[in-house]
Amino acid sequence: MEVETSATAAAGAAAAAAAEEEGRVAAAAAVPATLTAMAKGERAAAEGSQADRLMVKHPKTTYVKAPHLTTVDQKLSVGSKLCFAIGGAPNQVAGSATAFFLQIFLLDVAQINPFQASMVLFIGKAWGAVTDPVVGFFITKSRWTKIGRLMPWMVGCTPFVVVAYFYLWFVPPFANGKFIWYLGFYCLYQTLITCFHVPYSALTMFLSTDQRERDSATAYRMTAEVLGTLVGAAIQGQIVASAHTLKHCLHHNLSASHLGNGSGAEVIRSLALSQDFLSHAKEVYMIAAGVIGGIFLICTVVMFLGVKEKDDPYAPKTEKQIPFHQGFVLVMRHGPYLTLTAAFLFISVAIQLVQSNFVLFCTYAVDLRDHFQNIVLTILLSAVVSIPFWQWFLERFGKKTAAFCGITWIMPFTVMLVFIPNLVVAYVVAVSSGLSVAASLLLPWSMLPDVVDDFRLANPFSKGHEPIFYSFYVFFTKFAAGISLGVSTLCLEFAGYDTGACRQPPPVAYTLKLLIGAAPVAFIVTGLMILLLYPISEDVRLRNKLALEDLRLQSV
């Protein structure tokens, strides 16, 4: 009924256009008119002059006619888009807190040495990367339920994610087993968050068959996720800021200066004050973890209540699913997917390096420890505000152009902060960096559905491989980020990082400047050079969209 209604409206418009210009070729009206004629039985009206016009202006036809093929069942309400977007926010809330603060928490609050911290970060990320394709495999084997095929994964794992996240920020009462504790809970957290994130990412393909609707839902999602990143950094930063001030350093220095010639009572008193400060730091980190865990639960419930997952709209319902390993081989042979993944792998590593080392950089390299939480908020607030701009930009100029314009913006400003480390420059850099952070978040998730569509056309009898695309994309980016985090923390170890110290030696400051400035620029340049080879232009994307509409209509 909905397709017929759409076709009837289009036929009426076509008839009016034909009455005004009898000799004009109106391909945009030909196909809808034919569909209407078949639906109503008016074959005589559809076979005459309009059938002869069909072969003249095909390019204009496809472009003008495309919006009329968006039926009511493809249209997403604003409420559905908002609920879908809110579902992705908690992952970013928790991810923002861990990206900005986990490294400094392990070093200065949990007080494990830099080598152990680097192993926790690397092995945890690598483990999370390995679990992505494993979870993707099990999702492809999952059966359709009353609430969908992907939704049970997200709802079922959420309570366990919250528990694992809380204990990741808990300092155990023993000293010797801390490394095992944090490694175990970080790997557990990565596994559980993968069980949430992979099906959530793949859910984009099962919201609507219309590219514009999916792009719009992706824009909603990215806006909510950047807001989630902002909320996570704000909650974590504001709550734990007092754990990274210099208030305890006076007592630390006092105790050090009196070790040789002071009284034992003064030494004990100053050490006790330092221990009180450390206890306070542990407490505020646990409070922040509890708040973020509550947000995770609330957002998942909202998504569950407001989003309806739809089955694969293209393939026939009786079609047999290709085995996972064959689907994996097909996906890994798809050139556009490999190009897009490789490009954003390097770009995401650059963003991850800036995120994970920024608080350390502000604390020990440029003496902005009293302002780091506000600078981080400025970066993320700029990213939130710029998401609608980048959505308009990619629709107006294309996604590939948006990627180049948006991501290159961060490079000169991060270098500027390294060489001109003052507060005013830091805020200017924060605003400009937010623009690139927004583009780096929006563009890959907006371009990945186009790659899946391109794959669908190249393999029309292949079904159910969307989780492979999304899980292996996350696998490659996570694995690369884990290596970069482990290596960067290991560099601090070689530079002489002193766990729990108020001041760090000059080599540590120099290393942090390299990790914030030169290294991200090198990775971004490499990623953009690979992105030049990405073959799906706007013309290709439009052609794929129309071909998929024909495929969908044939399968109905």
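Which side chain meets that of Lys399 in a salt bridge? I looked it up: Asp450, at 2.7 Å from N to O. I counted a salt bridge when a side-chain nitrogen of Lys or Arg lies within 4 Å of a carboxyl oxygen of Asp or Glu.

Before going on, I noted the ground rules. This is a predicted model, where local features need pLDDT of at least 70, side-chain atom pairs count only at pLDDT 80 or more, and totals for chains, interfaces and linings use all residues. Residues are numbered from 1 along each chain as its sequence is written, and side-chain values use heavy atoms, with hydrogens and water left out.

Entry: I placed Lys399 in helix α16 and Asp450 in helix α18, so their pairing ties together parts 51 residues apart in sequence. I took helices (H or I, at least four residues) as DSSP runs, numbered from the N terminus. Arg541 also forms a salt bridge with Asp450, with the closest N and O atoms 4.0 Å apart. Here the link spans 91 residues, from Arg541 in helix α22 (residues 538-555) to Asp450 in α18. I then found Lys399, Asp450, Glu538 and Arg541 linked in a network of salt bridges.

I checked burial next. Buried means under 20% relative accessible area (1.4 Å probe, protein chains only), exposed means over 50%, and partly exposed is in between. Asp450 is buried at 3%. Arg541 is buried at 14%. Lys399 is buried as well.

**Entry: the rest of the salt bridges.** The count came to 5. One of them joins Glu225 to Arg221, with the closest N and O atoms 2.9 Å apart. Both sit in helix α10 (residues 211-240), 4 residues apart, and are therefore separated by about one helical turn. I found Glu225 and Arg221 both buried.

**Entry: the cores.** I used nonpolar core for a set of buried Ala, Val, Leu, Ile, Met, Phe, Trp, Tyr and Cys residues joined through side-chain atoms within 4.5 Å. The largest has 143 residues, and Phe105, Trp169, Tyr285 and Phe344 touch the most other members. Helix α18 (residues 423-458) gives the most to this core, with 15 residues. A second, separate core has 5 residues, including Val349, Leu353, Ala480 and Leu515.

Beyond its neighbours within four places in sequence, its contacts include Phe101, Phe105, Gln236, Tyr285 and Met286.

**Entry: helix α17.** I listed the buried residues of α17 (residues 410-419): Ile410, Met411, Phe413, Thr414, Leu417 and Val418. They pack against α14 (335-364), α16 (399-407), α18, α20 (506-516) and α21 (518-531).

Notes: Helix = DSSP H or I, 4+ residues; strand = E, 2+ residues; numbered from the N terminus. Contact = heavy atoms within 4.5 Å.
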